[in-house]
Amino acid sequence: MDVKENKMGIMPVPKLLITMSLPMVISMFVQAMYNLIDSIFVAQINQDALTAVNMAFPMQSLMIAFQTGLGVGMNALVSRLLGEKKPQEAGRAAVHGLLLTLVNYLIFLIAGLTLLPIFFNAQSNVAAVVDYGIEYLSVICCFSFGLFFQICFERFLQATGKTVYSMIMQGVGAFINIFLDPVFIFGVDMLGIPAMGVRGAAIATILGQCISCAIGAFLHFRLNHDLKLKFKGFRPEKSMIKKIYAVGIPSIVMSALMSVMTYCMNMILKGYEDAAATAFGVYFKLQSFVVMPVFGMNNGIVPIIAYNYGAHKGERITKTIKLGIVYATATMLVGLLLFQLLPEFFLSFFKPDEELVRVGIPALRTLSFSFLFVGASIVMTSAFQALGNGVWSLAVFVVRLLVPALPLAAVLGMIGGTAVLWAALPISDLCGVILSTVLMRKMYKNTIRPMTDNSIENSI
């Protein structure tokens, strides 16, 4: 049976990259915006509430890490099978993705019911911060099924190049969250809605995720005809799960490293002024405006590379990686310029006191030097994943986020306090981009160039 060639194998690469990535860039930008607005509204309660929500970030990031890592493994396999003209096997891989998504939800449901006091007490000595954090994160964890299945259906749509639909589902969920935040946080007397504080922020978030999930399921089952899910007679296959996690586990670990780094940094900052942890959390919310669009672009890059890897089109892989690095670096340079020129303006969104302003301005300026290196590193690590070498991606992330970041932060903090401590992250990101460049040269020589040479020989 002839299978129609997907656009990822024939459309000119510059146009394809924009077509695939732009909707995801927009949706990730919206995602970053509602994460930021969550914190802005919570900051109106008090600084303890803001600190608590910031300290919940590692656990929320870990949830996203588990599911997006699964999504990377599933998408790499699904896109490769579609590139190899095996739609039935691609559909089975997608059904396995649904099953593994349910497992992810159950893991964090249990964590939300049992581990939150330990989680927050390790990061803060302030009782109010711990109480706010437990109140917020217990809702997020226990009702996280919307988040997990939203990401799953989003990846189904991305795997077949339908990123516009993915943008729609994310955008609607984000705007619902933004709209409901002030309603549930501060209450509306005329509607009989009480002020619920940080719990209200959590409820707004999970409602947005659930609605986004419902839209994603509708769009997939009605419009995503390239990837058909077959539930009749389904049995879990060890070989299929192994293939998904061969790429997915390194991606989960990589994304989880961000949570580990943030959590450990909060523990290090616990020994300094109270505003240090708040400033660090504010930076991560703000930098998502710069980094999230790059990750959005990568969500478009991964299926392009994986599809053309399955189709043995090395030249298209090379063009995709090069253009991705150029676009990502340009985005990050704009972000660096804004953080250097306008740190006080950005902090003003969070109702800062004098201590937060004093600590936060140098923090934003120093930490943002990471932008010089992060864009290219993100693109190359995503390429490693799409080409089936998640271990290399993992190695780069370890260098970027843990070694030397955490030991260096502890040492620099002892030498010069937080004013010097912040430099640990840009230094680690520099090490990460050097390593990713070395590995990419090796990947090109051993994997990509042979496919390019073969395609040239076949055309002669």
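Me: Which residues does Ser436 touch, leaving aside neighbours within four places in sequence?
Reply: Ser436 is in contact with Ser377, Met380, Phe384 and Val396 once those neighbours are set aside. Contact here is heavy atoms within 4.5 Å. This is a predicted model, where local features need pLDDT of at least 70, side-chain atom pairs count only at pLDDT 80 or more, and totals for chains, interfaces and linings use all residues. Residues are numbered from 1 along each chain as its sequence is written, and side-chain values use heavy atoms, with hydrogens and water left out.

Me: Is Ser436 buried or exposed?
Reply: Ser436 is buried, at a relative accessible area of 0%. Buried means under 20%, exposed over 50%, and partly exposed in between (1.4 Å probe, protein chains only).

Me: And what does the side chain of Ser436 reach?
Reply: The backbone oxygen of Val433, at 3.0 Å. Ser436 itself is found in helix H19, residues 424-459. Helices are DSSP runs of H or I with at least four residues, strands are E runs of at least two, and both are numbered from the N terminus.

Me: Switching topic, where is Leu341, and is Leu341 buried or exposed?
Reply: Leu341 is in helix H12, and it is exposed, with a relative accessible area of 59%.

Me: Ok, zooming out. How many helices and strands does the protein have?
Reply: There are 19 helices and zero strands.

Me: How much of the protein is buried?
Reply: Buried residues are 56% of the 460 residues.

Me: What box do the C-alpha atoms fill?
Reply: Roughly 70 × 50 × 35 Å, along the principal axes.

Note on methods
A polar contact is a pair of N or O atoms within 3.5 Å; within protein, one must be able to donate a hydrogen and the other to accept it, and residues adjacent in sequence count only if both atoms are side-chain atoms.
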